[in-house]
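Reader: I have not worked with this structure before. Could you take me through some parts of it?

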Amino acid sequence: MKQNSSRTMNHHSSPIIIFLLSIFVSFSAFNTVNSNVDASTFLTKHKLYKVKITSVKTDDKAKWIIKGTSKAPTGTKIYATTADKQNANYGINAAQSTKNKTWATMNHGKFSLAIDPHVLKNATNYQMNQHFKVYLFAVSKLKSSWANSNAIAPSVMHDIASKASSKKLKYTKSQSTYYQNLAAEASSKAVSASIKSSSSIAARESAESESRAASEAASRTSSEALASSQAAVAAASSSAAAQQAQSTAAVTDNNSGANVNSTDHAKWAIQNGYTWATRKGHSHIIAPGQPLPDGYYWQVP
């Protein structure tokens, strides 16, 4: 799910890169049904149906599970988007089937759908009991696949808002706990990897030290052995210095100020070449104090 030109992506990049990305987003073609048409054209081509919410729960993956009814025909797709006009995800579909990653649709007057808070409203921090206002409606003749889900232009959403059902969703304790545990798990894995790396470096340095001691002892047996040993020690020292420099450079790059989550909350890292909307399977939650993985960038609204 891509964002239109009015939406911005903030991450730790140079001003030049941000400028170039803004140009790219501005001229990228969305795979949408109506991102460039006005409201009257949209509503002429696509019929909207109001929906009635009958229940809202959360599942073990911190998604809202919403059930309801509508007069929309069987097979009509269900659309959900944030009502916050200032949010980057305004107009982007956040609804999906509860069974798989595909469109939620009407089935004999009823529907069931799942909404991920991070897709509904792009943010880096959520507070328990925080409310999210959502526009929820059924819409006919949406042809694209869910993977290339539609982004409805804000100008169209303005007119849709007067005809669509709205609902306030509450960010629950279970959702907050889920993401806190996810961040803690990511932090624990990062610490374990750091300890393992440190142990490996220490073992290598110990082996190199023993090798140098043995070489120096052997050099004392004869002048010929001394010359040979000195050459071996020099070669070993050069290799060790190069390896240490590489390790230090890697650690420095991985933990530079620009690539470390220096905030007091978890942040999302998105794989290069992907956006927030297409992050599924290409993103990680990074705990405070942990580095940005290679090949990823920070996602900040």
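Predicted model: local features only at pLDDT ≥ 70, side-chain atom pairs only at ≥ 80, totals over all residues.

Reader: Is G281 buried or exposed?

Author: G281 counts as exposed, at 75% relative accessibility. The cut-off for that term is over 50%.

Reader: How far apart are G281 and I270?

Author: In sequence, 11 residues separate G281 and I270, and their C-alpha atoms are 9.6 Å apart in space.

Reader: And which residue is the bridge partner of I270 in strand 9?

Author: That partner is S283. Strand 8, which covers residues 267-271, is joined to strand 9 by 4 bridges, and the two run antiparallel.

Reader: What is the order of the strands in that sheet?

Author: The order is 9-8-10, in an open sheet of 3 strands with antiparallel pairing.

Reader: Let us change topic. Where is K121?

Author: K121 is placed in the loop between helix 3 (117-120) and strand 6 (131-139).

Reader: Is K121 buried or exposed?

Author: K121 is buried, because its relative accessible area is 18% and the cut-off for buried is under 20%.

Reader: Which residues does K121 touch?

Author: Leaving aside residues up to four places away in sequence, K121 touches D84, N87, N89, Y126, Q130 and F132.

Reader: You mentioned strand 6. How many bridges join strand 1 to strand 6?

Author: There are 3 bridges between strand 6 and strand 1 (residues 48-58), and these strands run antiparallel. One of the pairings is between L48 and V139, the latter in strand 6.

Reader: How many bridges join strand 1 to strand 2?

Author: Strand 1 is joined to strand 2 (residues 64-70) by 7 bridges, again with the strands running antiparallel. As an example, K52 has T69 in strand 2 as its bridge partner.

Reader: What do strand 1 and strand 2 form, and how many residues are between them?

Author: The two strands form a hairpin, with 5 residues between them. Within the turn, A62 has a positive phi of about 70°.

Terms used:
Residues numbered from 1 in each chain as written. Heavy atoms only, no water. Pairing = 2+ DSSP bridges. Buried < 20%, exposed > 50% of the residue type's maximum accessible area, 1.4 Å probe, protein only. Contact = heavy atoms within 4.5 Å.
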